[in-house]
Amino acid sequence: MAPGGAILSGVTGASPERVRRADIQGLRAFAVAGVIAVHLVGWPASGYLGVDVFFVVSGFVITGLLLRERDRTGRTRMRAFYARRARRILPLALVVLTLTVVASAWAFSGPRLDEIRTDALWAALFAANWRFADVGGDYFALGQTASPVLHFWSLGVEEQFYVVWPWLLAGAAAAGLRLTRDRTRAAVGGLSLVVVGASLTWAAVQASTDPTTAFYSSVTRAWELGLGAALACLPAAVVRRSAAARAILSWAGLAAVVASFTVLADVSPPVPAAILPSAGTLAILAAGIGAPVRSAVLLSNPVSRYLGDISYGLYLWHFPLVVLLPVVIPASPTERALVVVLTLVLAATSYHLLERPVLDAPTWGAMGLGRRASWGAWWRRRRRGILAAGTAAVCLVAAAGAAGAVGPDRLAELAGASGTVDASAAGLGSPVAGADPLVAPGPAAPSTGPTVAPSDGAAPSPSSTLSTPVAVPLGATGEALQAGLRGALGSGSFPANLTPRPDQWATTQDTSAAMKPCPATVVHDPSSCTLGNPNGPEIDVFGDSLGIPLLTAVVTAYGKDYKIRGLTKIACAVNGADANFGKDDWAIPCVNHRKAVVDYVRQARPAALLVIETYAWATKLKSKASGDAMAAEWTASDEAFVDEVKDSVGHVVFVSPSIPGVAFLDCYRPGGSPGRCVTGIPSWWKQTQDAERRVRGATFLDTLHWYCVDGRCPIFTTSRNTVLKGDYLHPSVQYMRLVADDLRYRLAASGVLP
């Protein structure tokens, strides 16, 4: 969200003077409030559509500015345009980026800091949208705390528009030099509509094939800026209406914008989700052309106008605070309130101390007494704001210096954040990023039916699946795992010899050739994700991305004697629960994969079928069930799956998954306190585990002791100083090798495998 230039009162036929429209400033306030609210508290669920409001406003304002200049001077002064854009955009953007990198160096470890520095460099070049479109495609990066400069993606979209659009506009206007002014504007308006049509069409196509790129791409967002540009080209007479009609149009537009923030949570951006807020914005802009809408009190009151004035700062400052403040202050209403207060203070301070003084400073072309007089007038006009903002800035710098001297670990301890982090709020996705860890990254080729021969083992007895819950003692292997976790919880600092090392955190995934097909196993290909002894009886692992680390433990425990088949596919609910995938089309590959797995299992007749998936799917049910209703629906889905395969499997085993928490690099600092990485167990996770424990006809394998002690879950274990998880959810390959002995013990004690 880049700030617009001068807010003009209308379109063709309006006064050439720059007049700031109160309703547009109020609209900016509503838009930025929606964005901040969804980032801070997750409501309104589609508040991130506020950026689409800014896109339309920017297209309208910038195009009007360029056209008016051409009316007055007969040309477009590109150097002056870009100089003003630089004075408006760069000072605060560079200050926020610099301070964010400095704060990140204080809060995060080297590898995480390197990522943020790279993100900041792309943001400084106004190409952050392409950076995040690229890294956003990495499924296993999901759940990591968002980059504190992620929100700069929208500035990238706007600045790329500003680079290209003035030249296209000048070309269209030049082509119409022999025409009247209105016909020249019609040519520019026609060009705007071409941009809208082409961009909107491509956005609709790419939203279904590559939703991550569609979200961030300036190509798929250009139609929104083009809509505003097209409106700016209309003759004033076309949109001139009575005061009553303009009031109705303005209020209807605001209603559409506000409604879009609340009712489009399950609709894919940018198409079709951005259509409603864009239409509402156009209505508000059109209503105010020629004369103010005096009844638009929600937009034109002094509070809304001032928040609109500082909206650029509000947008830039809020997200680094949302990301960085929880490092030292526990997630709570107090923490969220502090984010709001600091955002307001920083935005107001930077507006009066930096934004307006730089933008309104006299040009350096004046000489002698003229220059001194210009600067004198500038100082008299801005001195109160500068002095007040300067005082606030001194206080902020002093507070930041004190916090820096204390250090993040000690500050977190003082704030009470060094105990147990609320895992229910950790790493479960970001609406702004457009990247929900449970949403499939787009349609894939569906799996087809199996073409396999049954394993050499004897056909299992159907009655063997009708097991009852077995209370398995912890045993020596479980005690050893618990001892390692207790050691980590009692540690005052991270070991120097962590495995893997922090600079090798990506090795927490198994990248061996045999595992390469496992993120999307081709079920009908017998060689796809097949490991272990090819001549032994078969163990199948059916799961989403959590099935991949479980495969490591199963292969380590049984690979010498058993053929191990991974029937895994990332981002797919596996038990058949009717979950929300974000778009129904994205569920189709998962449904096809599940059907192929059932057919395969019926032919392969494995000795055991281990089933695992993140319990977060239980919070994404289409029925929106929660509490006991959610648990009952989950149990019913598990039991329906068991009924489909029980006659062909020795044992169906539901394995409880890892606990969602925080990503390693989001809480690790060399020599820092591991307490920042300790998480708790969400209530919904416990409830889903209890629901799965009750499933008839299956064995339940409780693995909670692999990850937690007395409800506290560390990020590493003192057993070989091994990191448990690289990201917020997926266990490391190194740790899963450590739990293999306990896996074998528990399956044997449950009567599943010898």
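Pro44 lies in the loop between helix α1 (22-41) and helix α2. Helices (H or I, at least four residues) and strands (E, at least two) are DSSP runs, numbered from the N terminus. The structure is a predicted model, in which local features need pLDDT of at least 70 and side-chain atom pairs count only at pLDDT 80 or more, while totals for chains, interfaces and linings use all residues. Residues are numbered from 1 along each chain as its sequence is written, and side-chain values use heavy atoms, with hydrogens and water left out.

**Exercise 1**

Solution. Step three: Pro500 is placed in the loop between α19 and β1 (530-532). As background, most peptide bonds are trans.

**Exercise 2**

Describe how α1 packs against helix α15 (residues 311-324).

Solution. Step one: the angle between the two helices is about 5 degrees, and their axes are 10 Å apart. Axes are lines fitted to C-alpha atoms, for helices over the stretch in contact, and angles run from 0 to 180 degrees between N-to-C directions. Step two: α1 and α15 are therefore roughly parallel to each other. Angles under 35 degrees count as roughly parallel, over 145 as roughly antiparallel, 65 to 115 as roughly perpendicular and the rest as oblique. Step three: the contact (heavy atoms within 4.5 Å) involves Arg28, Val32, Val35, Ile36, His39 and Leu40 of α1, together with Ser311, Leu314, Tyr315, His318, Phe319 and Val322 of α15.

**Exercise 3**

Describe how helix α2 (residues 50-73) packs against helix α12 (residues 275-287).

Solution. Step one: α2 and α12 pack at an angle of about 40 degrees, with axes 9 Å apart. Step two: α2 is therefore oblique to α12. Step three: from α2, Asp52, Val53, Val56, Val57 and Phe60 meet Pro277, Ser278, Thr281, Leu282 and Leu285 of α12.

**Exercise 4**

Locate Ala571 and Arg605, and state whether each is buried, partly exposed or exposed.

Solution. Step one: Ala571 is in the loop between β3 (563-568) and α21 (584-604), and its phi is positive, near 60 degrees. Step two: its relative accessibility is 1%, so Ala571 counts as buried. Buried means under 20% relative accessible area, exposed over 50%, partly exposed in between (1.4 Å probe, protein chains only). Step three: Arg605 lies in the loop between α21 and β4 (608-612), with a positive phi near 50 degrees. Step four: Arg605 has a relative accessible area of 24% and is partly exposed. As background, most residues other than glycine have a negative phi.

**Exercise 5**

Which residues of helix α26 (residues 740-749) are buried, and what covers them?

Solution. Step one: Ala740, Asp742, Leu743, Arg746 and Leu747 are buried. Step two: these residues lie on the same side of α26, because they cover an arc of only 160 degrees around the axis; the arc is that of the directions from the helix axis to the C-beta atoms. Step three: their cover includes α19 (475-489), α20 (547-558), β5 (652-655), β6 (699-701) and α25 (733-738). Step four: Gly751, with a positive phi near 75 degrees, follows α26.
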